[in-house]
Amino acid sequence: MSELSLKPMSTTPPASAPGSPAPAPAGSSRPSVIQLVFKEKGALYAAYIPIFSEGGVFVPTTREYKLGEDIYLLMTLPEDPNRYPVAGKVAWLTPANASGGRTQGVGVRFPGDEKTRLIKLKIEELLGTAISSAKPTQTI
């Protein structure tokens, strides 16, 4: 199985157990921040969403999101020590107990800016011909 690690990040101290994300204050419009580490190309392939023209990735999460909600990703790609910031929007929802045994989570659509376009190109370069593979992914 492909390896992907998620690390929820928060700017407020933990409310209870160490390592658990602090709840957002009521009425807060601050976007979620998620550190997304792709250790293998297979995990990146399973998460990448090429049907979004700007690019995007699937983020496994049990947190409830709404379409259009802002979400901030700090992505690390395979064979690359850099972290790439992406200020995206939720554009795909996979609910709990989805058909076909799909993982619960959200699809994050990348913004159409130049910096993120370069990240999309880097992802597509890493994946190469795998993008057109018939192998199943977390999305379609």
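These are my notebook entries on a predicted model of one chain.

**Conventions**

I worked on a predicted model in which local features need pLDDT of at least 70 and side-chain atom pairs count only at pLDDT 80 or more, while totals for chains, interfaces and linings use all residues. Residues are numbered from 1 along each chain as its sequence is written, and side-chain values use heavy atoms, with hydrogens and water left out.

**Overall make-up**

I looked up the secondary structure and found 2 helices and 6 strands. Helices (H or I, at least four residues) and strands (E, at least two) are DSSP runs, numbered from the N terminus. From the N terminus, the order of elements is β-β-α-β-β-β-β-α. I noted that 37% of the 140 residues are buried; buried means under 20% relative accessible area, exposed over 50%, and partly exposed in between (1.4 Å probe, protein chains only). Of the contacts (heavy atoms within 4.5 Å) with a separation of 6 or more, 66% join residues 24 or more positions apart.

**Core**

I then turned to the largest nonpolar core, which has 29 residues. Such a core is a set of buried Ala, Val, Leu, Ile, Met, Phe, Trp, Tyr and Cys residues joined through side-chain atoms within 4.5 Å. Phe38, Val57, Leu73, Met75 and Ile123 have the most contacts inside the core. Elements giving two or more residues to this core include strand S2 (32-38), strand S4 (70-76) and both helices, H1 (41-47) and H2 (114-127).

**Strands S2 and S4**

I checked S2 for burial and found 6 of its 7 residues buried. S2 pairs with S4 in the parallel sense over 6 bridges; two strands pair if DSSP finds at least two bridges between them. Valine 37 has threonine 76 of S4 as its bridge partner.

**Loops on either side of S5**

In the loop between S4 and S5 I looked at glutamate 79 and aspartate 80. Glutamate 79 is exposed at 71% relative accessibility, and its phi is positive, near 60°, in a residue other than glycine. Aspartate 80 is buried, with a relative accessible area of 9%. A polar atom of the aspartate 80 side chain lies 2.9 Å from the backbone nitrogen of asparagine 82.

In the loop between S5 and S6 I looked at asparagine 97. Asparagine 97 is exposed, with a relative accessible area of 79%, and has a positive phi of about 60° although it is not a glycine.

**Helix H2**

I compared the length of H2 with expectation: at 1.5 Å a residue its 14 residues should span 20 Å, and its end C-alpha atoms are 20 Å apart, which agrees. The expected span is 1.5 Å times one less than the number of residues. The buried residues of H2 are Thr116, Ile119, Lys120, Ile123, Leu126 and Leu127. Seen down the axis of H2, these fall within an arc of 125°, so they line one face of the helix; the arc is that of the directions from the helix axis to the C-beta atoms. H1, S4 and S5 are among what covers them.

I followed leucine 127, which lies in H2 and is buried at 7% relative accessible area. Leucine 127 touches Lys41, Leu44, Tyr45 and Tyr48, not counting residues up to four places away in sequence. The C-alpha atoms of leucine 127 and glycine 42 are separated by 8.6 Å, although the two residues are 85 residues apart along the chain. After H2 comes glycine 128, with a positive phi near 55°.

Key. A polar contact is a pair of N or O atoms within 3.5 Å; within protein, one must be able to donate a hydrogen and the other to accept it, and residues adjacent in sequence count only if both atoms are side-chain atoms.
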